[in-house]
Amino acid sequence: MFLIQEEKSSTAYKAGYEVGQWIAHNPILAVFIGAVVSVGFVWILTKVVKQIRTFGE
């Protein structure tokens, strides 16, 4: 219980809370961030698959 109380008063928690509130009030931003994360994940996944396919050559 004390650990949770300490985390809520930390600057990192407050900064994350502010960013979360900002994203919640701007749905277009949330969609844009989701699209960027999705594209990044697919890009990394294709790089990993390419490395696996060309491993023994």
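View 1. Tyrosine 13 is partly exposed, with a relative accessible area of 38%. This is a predicted model. Tyrosine 13 lies in helix α2, which covers residues 11-25.

**View 2. The aromatic pair.** The structure holds 1 aromatic pair. Its partners are tyrosine 13 and tyrosine 17, and they are stacked.

**View 3. A nonpolar patch on the surface.** Four residues build this patch: Phe32, Ile33, Val36 and Val37.

View 4. Where does valine 37 lie? It belongs to helix α3, residues 27-53. Is valine 37 buried or exposed? Valine 37 counts as exposed, because its relative accessibility is 55% and the cut-off for exposed is over 50%.

**View 5. The chain as a whole.** The chain has 3 helices and 0 strands. Along the sequence the pattern reads α-α-α. How much of the chain is buried? Of its 57 residues, 0% are buried. The accessible surface of the chain is about 5500 Å². Carbon and sulfur atoms account for 72% of that surface.

Key:
Residues numbered from 1 in each chain as written. Predicted model: local features only at pLDDT ≥ 70, side-chain atom pairs only at ≥ 80, totals over all residues. Heavy atoms only, no water. Helix = DSSP H or I, 4+ residues; strand = E, 2+ residues; numbered from the N terminus. Buried < 20%, exposed > 50% of the residue type's maximum accessible area, 1.4 Å probe, protein only. Areas by Shrake-Rupley, 256 points an atom, 1.4 Å probe, with all protein chains shown as cover. Patch = residues over 30% accessible without salt bridge, like charges linked within 9 Å, V, L, I, M, F, W, Y side chains within 5 Å. Salt bridge = Lys/Arg side-chain N within 4 Å of Asp/Glu carboxyl O. Phe/Tyr/Trp six-rings, centres within 6.5 Å; stacked < 30°, edge-to-face > 60°.
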